[in-house]
Amino acid sequence: MEVTSIKDGVIIDHVEAGTALTVLDYLNVNPSTTKLALIMNATSHALGVKDIIKIEDVADLNLDVLGFVAPHATVNIVHGGQIVSKIKPELPRRLIGVVKCKNPRCVTTTETGLEQRFHLASAARREYRCDYCDEEAER
Ligand SMILES: [Zn+2]
């Protein structure tokens, strides 16, 4: 398959194999209503196997969320069938309203209407912790 088989949109390359659907879920991209192509378990020199996501006509892509869920990804911006730029998402310092705290005693669980807020606790371990109770975020 051609790498640039979409005309205008994004290609998210080097997604960890088997996680493409999780990544779409985090990005709030609905696979049943969005023009997209998934290539799962493609051969990759860097990762062994990888997933590739191609989304046509995407309005805005949350790179913070992408950095959290697919930190090794490369985002290729495609215009007119050509890759015009490449972006490496970085681990965001903060995650607001992206993941829910799993701690049943956390104030965000017991009180409704509180924003879910996490901060990057360790970049090396890609570890995020709840601002309120310090519980680690799960992907
Ligand atoms: Zn918490």
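Let me begin with Asp134, which lies in the segment after strand 8, residues 127-130, where strands are DSSP runs of E with at least two residues and helices are runs of H or I with at least four, numbered from the N terminus. What we have is a predicted model, in which local features need pLDDT of at least 70 and side-chain atom pairs count only at pLDDT 80 or more, while totals for chains, interfaces and linings use all residues. Residues are numbered from 1 along each chain as its sequence is written, and side-chain values use heavy atoms, with hydrogens and water left out.

Phi of Asp134 is near 75 degrees, a positive value in a residue other than glycine, and His14, placed in strand 1 (residues 9-16), likewise has a positive phi, near 60 degrees. Most residues other than glycine have a negative phi. Asp134 is partly exposed because its relative accessibility is 44%, the class between buried, under 20% relative accessible area, and exposed, over 50%, with a 1.4 Å probe and protein chains only.

Cys101, in the loop between strand 6 (94-96) and helix 3 (107-110), and Cys130, in strand 8, are 29 residues apart. Cys101 is buried, at 8% relative accessible area, and Cys130 is buried at 1%.
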